[in-house]
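Below are some notes for a colleague who is opening this structure for the first time. Please read them with the model on screen.

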Amino acid sequence: MKASTSSTSTATPAHNAPLPPSSSSAGRSSRIAPHSHIKGLGLTPEGFASVDGAGFIGQTNAREACGVVVDLIKSRKFSGRALLLVGAPGTGKTALALAVSHELGAKVPFCPMVGSEVYSAEVKKTEVLAEAFRRAIGEQSVLLIQFGWWWQLGVCIVCVMLCYVSVGGPEVYTRLLSTRRLRIKETKEVYEGEVTELTPTEAENPLSGYGKTVSHVVVGLKTVRGTKQLRMDPTIYEAILKEKITVGDVIYIEQATGAVKRVGRSDAYASSYDLEAETYVPLPKGDVHKRKELVQDVTLGDLDAANARPQGGQDIMSVMGSLVKAGRTEVTDKLRREVNKIVKQYVDQGVAEVVPGVVFIDEVHMLDIECFTYLNALLESQMAPTVILATNRGMSVVRGTDDILSPHGIPVDLLDRCMIVKTDAYTREQIGKVLQTRANVEGLKLGPEVLEKLSAEGEKSSLRYALQLLTPASIMASLAGRAQIEAEDVNEMNELFLDAKTSAAMISESHASHTRPDAEAA
């Protein structure tokens, strides 16, 4: 990486970039997830649900039951089983699944999918399920291996892959062990600090007689000890744009490879919100140019794909760089067994530790009999992730069959593996608390009687419908020049939109007008 630097060191370096307005932050424009206020199950040390602990309101019995399941998972006594959440739409099944994920650990991945996602013309149904399981394990499930171990294990895996990857035809990548993440620790020279300047310099394009191109970029970085200006190659600027880095972000740039990593937003830009979409980090200590221990995570699934199309590089960045190419890479079962054997050796030796994530399959009744049979096999894996299923069905025919009637549309053999938790309908008071919480998270102000009116709508239709009215009502209020939502905005939303129950009733009443002409003639 080409970089020329100029530095200044002061006791209290001035902040070269202006702070954003205090009323907002860089993350406020980001889409706020509908369950971002859920931070856990909200249980006391004795296992009882508090009124609105961890942002979770209502569902006292379900939360306490899920707390028992969390204890089983942590004690490694939940293997081979799944948690099934049953209840009407909009009763907090997804929120419960997310809360369980939070209780298992801050870095445990939560990988949601919908049962209907498996029906694709491109890949097999079982492969879609396998990929969801692999994401849950691969994103945060790590093998804690020091750098020396990484090369021993990596070379071994690479050799196995190169020997076997072309032996058989494409198969579904099902073995969960092949997706564990390797956490690799390396010490590298980096430039690290808060971005105070980001100035690209253009020059005439040498490859054509017209147009300009970026010749270099000037990046200003600041730490507690001082600041530096770096004159860098245009490829660095492309990496900065790809990472969506702006002034005020804390980043580091590897000197050897030019790799750019965004660590987070400087805490000087933090606002007073209790819940933030951004991750704020303190100003880095020491000099801008330093030696830093970097931790990089690579799944064995990534290594499979990388070695199926080797690029010739010998370091970790070469391996990861080969993954950016499009296209799927499937490996043989023989290769998976060899990789599993190698990893198991390191687990048995105590060199590695495997931590599973959480797979959440909503609308599980949409799966068919083939997928359910496959789920049974996945649950029997020694290192399967935690599996949470959700459905709103009662007695239903199992999809893919004509005569198998089963509770929740799930075969009985899979139901036997599930611990079933029922969610209850929200009361008007609970709906009001949820609405107020979401309004606070989204920065919306509610006028008098608005909360009561929306709570009544939620009780009449569903909590989900009441929540959906918040944002469009705020838009109507802003168009009218008001800073808060008023009751008239909610009334206007009811005139513009219908809830599911009202829509169904209207269709039922006017069924004759919706009947096909040929049916009327008959």
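1. Helix packing, α11 and α13. Helix α11 (residues 428–441) and helix α13 (residues 463–479) have axes that come within 10 Å and cross at roughly 30 degrees. This is a predicted model, and the angle is a computed one. Angles under 35 degrees count as roughly parallel, so α11 and α13 are roughly parallel to each other. The crossing of these two helices, α11 and α13, is right-handed.

2. Helix packing, α1 and α2. Another pair to look at is helix α1 (residues 60–74) with helix α2 (residues 93–104), whose axes come within 10 Å and cross at roughly 40 degrees. That angle makes α1 oblique to α2. The crossing of α1 and α2 is right-handed.

3. Salt bridges on strand β5. The structure holds 18 salt bridges. One of them joins Lys188 and Glu254, with 3.1 Å between the closest N and O atoms. Lys188 sits in strand β5 (residues 181–204) and Glu254 in strand β8 (residues 249–254), so this pair, 66 residues apart, links distant parts of the chain. Are Lys188 and Glu254 buried or exposed? Both Lys188 and Glu254 are buried.

4. The side chains of Glu192 and Lys292 form a salt bridge, at 3.3 Å from N to O. Here too the pair links distant parts of the chain: Glu192 belongs to strand β5 and Lys292 to strand β11 (residues 289–299), 100 residues apart. Glu192 has a relative accessible area of 8% and is therefore buried. Lys292, with a relative accessible area of 25%, is partly exposed.

5. A bridge between loops. Arg417 and Glu380 meet through their side chains in a salt bridge of 2.6 Å, N to O. Arg417 is in the loop between α10 (412–415) and β16 (418–422), while Glu380 is in the loop between α9 (369–379) and β13 (386–391); the two are 37 residues apart and link distant parts of the chain. Arg417 is partly exposed, its relative accessible area being 21%. Glu380 counts as exposed because its relative accessibility is 53%.

6. A nonpolar surface patch. Which residues form a nonpolar patch on the surface? They are Met395, Val397 and Leu405, which together have about 310 Å² of accessible area. Val397 belongs to strand β14 (residues 395–397). With a relative accessible area of 44%, Val397 is partly exposed.

7. Buried positions in strands. Gly220 is part of strand β6 (residues 212–222). Its relative accessibility is 2%, so Gly220 counts as buried. Between Gly220 and Thr199 there are 8.8 Å in space, C-alpha to C-alpha, and the two are 21 residues apart in sequence. Ser266 lies in strand β9 (residues 260–266). At 1% relative accessibility, Ser266 is counted as buried. Ser266 and Pro284 are 18 residues apart in sequence, with their C-alpha atoms 9.3 Å apart in space.

8. An exposed helix position. Ala500 is found in helix α15 (residues 500–509). Ala500 counts as exposed because its relative accessibility is 65%, and exposed means over 50%. The C-alpha atoms of Ala500 and Tyr465 are 8.4 Å apart, and the residues are 35 apart in sequence.

9. Positive phi values. Two residues other than glycine are worth checking by eye. Glu363 has a phi near 50 degrees, which is positive. This residue, Glu363, is placed in the loop between β12 (358–362) and α9. Glu363 is partly exposed, at 33% relative accessibility. For Glu449, phi is near 70 degrees, again a positive value. Where does Glu449 lie? Glu449 is in the loop between α11 and α12 (450–460). With a relative accessible area of 63%, Glu449 is exposed.

Technical notes. Residues numbered from 1 in each chain as written. Predicted model: local features only at pLDDT ≥ 70, side-chain atom pairs only at ≥ 80, totals over all residues. Heavy atoms only, no water. Patch = residues over 30% accessible without salt bridge, like charges linked within 9 Å, V, L, I, M, F, W, Y side chains within 5 Å. Areas by Shrake-Rupley, 256 points an atom, 1.4 Å probe, with all protein chains shown as cover. Salt bridge = Lys/Arg side-chain N within 4 Å of Asp/Glu carboxyl O. Helix = DSSP H or I, 4+ residues; strand = E, 2+ residues; numbered from the N terminus. Buried < 20%, exposed > 50% of the residue type's maximum accessible area, 1.4 Å probe, protein only. Axes fitted to C-alpha atoms, helices over the stretch in contact; angles between N-to-C directions. Parallel < 35°, antiparallel > 145°, perpendicular 65-115°, else oblique. Left-handed = near helix turned anticlockwise from the far one by under 90°.
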